[in-house]
Amino acid sequence: MHCARRPCALIQPTFLYYLITRFLTTGPCRKAAEVLVSELEEYQLLPGRLDWLGNEHPRTYEDMVAATRHIAPDHLLQICKQIGPVLDKEVPSCVPGVHSLLGSGKQSMLRTAKGTHLCGN
């Protein structure tokens, strides 16, 4: 699947919500994490679990943490740290080695070789 043609189906918003919540739980925004956990569960935004018959059931945040023990609270931060160097190999920025999630133009994390943004953003 190519992001430029259609949305990236492999990256579901539910996983991003989960990773954001995990990140918030260990920093100074723990109250925000609590609110987010509450909303994730209230609106059933976490990926469900499948039983042996293939039926999907809602999952709590704690169930999700237990099922993804291999995911550290800073997993999202680690992903973000790796994006810049990987992108620089494909599409060098105008200031090599300088990475910011808030960059624009040739410093944008969404830059492409054609100077357009990925995934239609």
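**From the last segment inward**

Mentor: V95 is partly exposed, at 39% relative accessibility. Here buried means under 20% relative accessible area, exposed means over 50%, and partly exposed is in between (1.4 Å probe, protein chains only). This is a predicted model: local features need pLDDT of at least 70 and side-chain atom pairs count only at pLDDT 80 or more, while totals for chains, interfaces and linings use all residues. Residues are numbered from 1 along each chain as its sequence is written, and side-chain values use heavy atoms, with hydrogens and water left out.

V95 sits in the segment after α4. Helices (DSSP H or I, at least four residues) and strands (E, at least two) are runs numbered from the N terminus. Q107 lies 12 residues from V95 along the chain, and their C-alpha atoms are 7.5 Å apart.

Now the charged pair. What holds D88 and R111 together? A salt bridge between their side chains, 2.6 Å from N to O. The term requires a side-chain nitrogen of Lys or Arg within 4 Å of a carboxyl oxygen of Asp or Glu. D88 is in helix α4 (residues 75–90) and R111 is in the segment after α4, so the pair ties together parts 23 residues apart in sequence. A search of the whole structure finds one salt bridge. Side chains of opposite charge can pair when their charged atoms come close.

Are the two partners buried or exposed? D88 is buried, at 17% relative accessibility. R111 is buried as well, with a relative accessible area of 7%. Leaving aside neighbours within four places in sequence, D88 touches S93, G97, H99 and R111.

Stay with α4 itself. At 1.5 Å a residue, its 16 residues should span 22 Å, and the end C-alpha atoms are 23 Å apart, which agrees. The expected span is 1.5 Å times one less than the number of residues. Where does α4 bend? At I83, by about 25 degrees, and a proline, P85, follows within four residues. The bend is the angle between axes fitted to the seven residues ending at a position and the seven starting there.

The buried residues of α4 are L76, G84, L87 and D88. Their cover includes α1. H75 also lies in α4. H75 is partly exposed, at 27% relative accessibility. R22 is 53 residues from H75 in sequence, yet their C-alpha atoms are 8.2 Å apart.

In α1, T14, Y18, L19, T21, R22 and L24 are buried. These buried residues pack against α2, α3 and α4. α1 has 12 residues and reaches 16 Å from first C-alpha to last, close to the 16 Å expected at 1.5 Å a residue.

A nonpolar core is a set of buried Ala, Val, Leu, Ile, Met, Phe, Trp, Tyr and Cys residues joined through side-chain atoms within 4.5 Å. Which residues touch the most other members of the largest one? Of its 13 residues, they are Y18, L19, L46 and Y61. The elements giving two or more residues to this core are α1 (13–24), α2 (30–42) and α3 (61–67). α2 supplies the largest share, four residues. In soluble globular proteins, nonpolar side chains tend to be buried together.

L46 deserves a stop. Not counting residues up to four places away in sequence, L46 touches Y18, L40, R59, T60 and Y61. Q44 lies in the loop between α2 and β1 (49–50). Q44 is exposed, with a relative accessible area of 55%. Its phi is near 50 degrees, a positive value in a residue other than glycine.

Last, the whole chain. The protein chain has four helices and two strands. Along the sequence they follow the pattern α-α-β-β-α-α. Buried residues make up 23% of its 121 residues. Among contacts with a separation of 6 or more, 33% join residues 24 or more positions apart. The chain exposes about 8900 Å², and carbon and sulfur atoms supply 61% of that. Those areas come from the Shrake-Rupley method with a 1.4 Å probe; for residues, only the protein chains shown count as cover.

Terms used: Contact means heavy atoms within 4.5 Å.
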